[in-house]
Amino acid sequence: MKKALFCCVLLLMLWCIDTIADEIYTVQRGDSLSKIAKKFDISVAELREANKLNSDDIKIGQKIIIKKNTGFTPILYTVRAGDTLSSIARRNNTSPAQIISWNSLKTSSIKVNQKLIVGHDKPDSKLNQTVSITPENTKFHIVYRGETLSAIARKYDLNLIDLIEYNQLTNLLIKPGQKLALQPETLSADDTIIRHKVLQGENLYRIALQYAVSIDDIRSWNNLSSSNLKTGQVLEIHNAIAPTHQSQPTLITRTPTAVLPVNNVKVTSEFGMRGKSMHKGIDFAGNAGDPVFSVLPGTVAFSGVQRGYGNVIIIEHENSVMTVYGHNGSNLVKIGDTVVQRQRIATIGNTGNTTAYHLHFEYRLKGIAQNPRDLLPLR
């Protein structure tokens, strides 16, 4: 009896401490979840999580728990003479657009001695116990203030490029409250399936673009061992975005101004199935230190190391296009750099999972790997 009474008292004390640590807000007329989140400087996702809400619907008089911010604190930078948003972003491993978002800037103009938020400190480990999280035990991640895509990839031991593909991202900018998939989309019994009859001249690349899915998924859904298709063959397409004109797929026009990423063209491995795995780019042989060039003008979204790729550079271009340059000996550009076409951005190396010096080049459209031959002037 005494033991039971002690447990009840202990639970009551813990509840009181937790309630005191947080704040209770009573919903007023005209309130919405987004307005309350803005008022207390937290995200809608945090409000939903704290109150176990399944939707954004709230009622007048409803009690809302406001979790006090015990974690991320802004990192401030004082603008100096000669600074630009790009140079500040490079120095703090972020992007100009992210700094603009964090500081609610209306333009990219900045002034000397201006205080800017350039990042956020990690939560206090004493206040936030770390939990071992892997893609096997969670499928999604809700973005919090101050997080970057690279940091999220590291947290879940994922490859940044895979994370881009899982979410079909057109750039590396993310927002608080955004929901990110941590693994390829799994199919359920409620999936919609479209059966596509292959027309003369069609290939996997065109069909994937037509339905806004990936080539890998089409292969998986139909147990294809190669990229070869036959006219009249029927393919299953899951959770597709139905095209307006099924017989005339909407295609992204090939960019005629793309150049080759290397001087001496010797392709050692093509895009496509390689055994039981998918090779998502083209490999160009080369010698240590040979130059690697940007095939199009753009902005460096990532320059660093990724598992398998070794030293890798990701460049964002117009029309939701990204290009990837892997196994580099050295990266010569930084995050936020603006590059021109045929600018020397790296040197050929053998970093990452490779046995010989070469460049691994990928062409991605909305995050999904496409055949680089559809972009590059290769014979």
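**Terms and their grounds**

Student: What makes Gln168 partly exposed?
Tutor: The relative accessible area of Gln168 is 38%. Buried means under 20%, exposed over 50%, and partly exposed in between, with a 1.4 Å probe and protein chains only. Gln168 is therefore called partly exposed. This residue is found in the loop between helix 7 (160-166) and strand 6 (179-181), and its phi is near 45 degrees, a positive value in a residue other than glycine. Helices (H or I, at least four residues) and strands (E, at least two) are DSSP runs, numbered from the N terminus.

Student: On what kind of model do these values rest?
Tutor: This is a predicted model, in which local features need pLDDT of at least 70, side-chain atom pairs count only at pLDDT 80 or more, and totals for chains, interfaces and linings use all residues. Residues are numbered from 1 along each chain as its sequence is written, and side-chain values use heavy atoms, with hydrogens and water left out.

Student: How is Ser320 classified, and where is its place?
Tutor: With a relative accessible area of 23%, Ser320 is partly exposed. Its place is in the loop between strand 15 and strand 16. Phi of Ser320 is near 65 degrees, which is again a positive value in a residue other than glycine.

Student: Why does Asn311 count as buried?
Tutor: Asn311 has 18% relative accessibility, so it counts as buried. It lies in strand 15. Contact means heavy atoms within 4.5 Å; leaving aside residues up to four places away in sequence, Asn311 touches, among others, Tyr325, His327, Asn328, Asn331 and Thr351.

Student: What makes helix 8 largely enclosed by the rest of the structure?
Tutor: Seven of the eight residues of helix 8 are buried, and it is therefore largely enclosed. The buried residues are Leu204, Tyr205, Ile207, Ala208, Leu209, Gln210 and Tyr211. Their cover includes strand 7 (193-197), helix 9, strand 8, strand 19 and strand 20 (368-370). Just after helix 8, Ala212 takes a positive phi of about 55 degrees.

Student: What is meant by a nonpolar core, and which residues of the largest one touch the most other members?
Tutor: A nonpolar core is a set of buried Ala, Val, Leu, Ile, Met, Phe, Trp, Tyr and Cys residues joined through side-chain atoms within 4.5 Å. The largest has 43 residues, of which Ile218, Leu235, Tyr325, Ile345 and Phe361 touch the most other members. Elements that each supply at least two residues of this core include helix 8 (204-211), helix 9 (215-222), strand 8 (234-238) and strand 19 (358-365). Helix 8 gives the largest share, six residues. Apart from this core lies another, of 22 residues, among them Val143, Ala153, Val312 and Val324.

Student: Why is the pair of Tyr325 and Phe361 called edge-to-face?
Tutor: Rings of Phe, Tyr and Trp (its six-membered ring) pair if their centres lie within 6.5 Å; planes under 30 degrees apart count as stacked, over 60 as edge-to-face and the rest as tilted. By this rule the count comes to one aromatic pair. In that pair, Tyr325 and Phe361 are 5.3 Å apart centre to centre, with 70 degrees between the planes, and are therefore edge-to-face. Tyr325 lies in strand 16 and Phe361 in strand 19, so the pair ties together parts that are 36 residues apart in sequence. Both Tyr325 and Phe361 are buried.

Student: How do you know that Arg342 lies over the face of Phe293?
Tutor: A charge sits over a ring if NZ of Lys or CZ of Arg is within 6 Å of the ring centre and within 35 degrees of the ring normal. Arg342 lies over the face of Phe293 at 4.0 Å from the ring centre. Lys179 lies over the face of Phe140, at 4.2 Å from the ring centre.

Student: Over which residues is the pLDDT below 50?
Tutor: pLDDT is the predictor's confidence in each residue, from 0 to 100. The chain averages 77, and 76% of the residues score at least 70. Over residues 123-137 the pLDDT is below 50; beyond near neighbours in sequence, this stretch has 15 contacts in the model. Residues 186-190 also stay under 50, with four contacts beyond four places in sequence.
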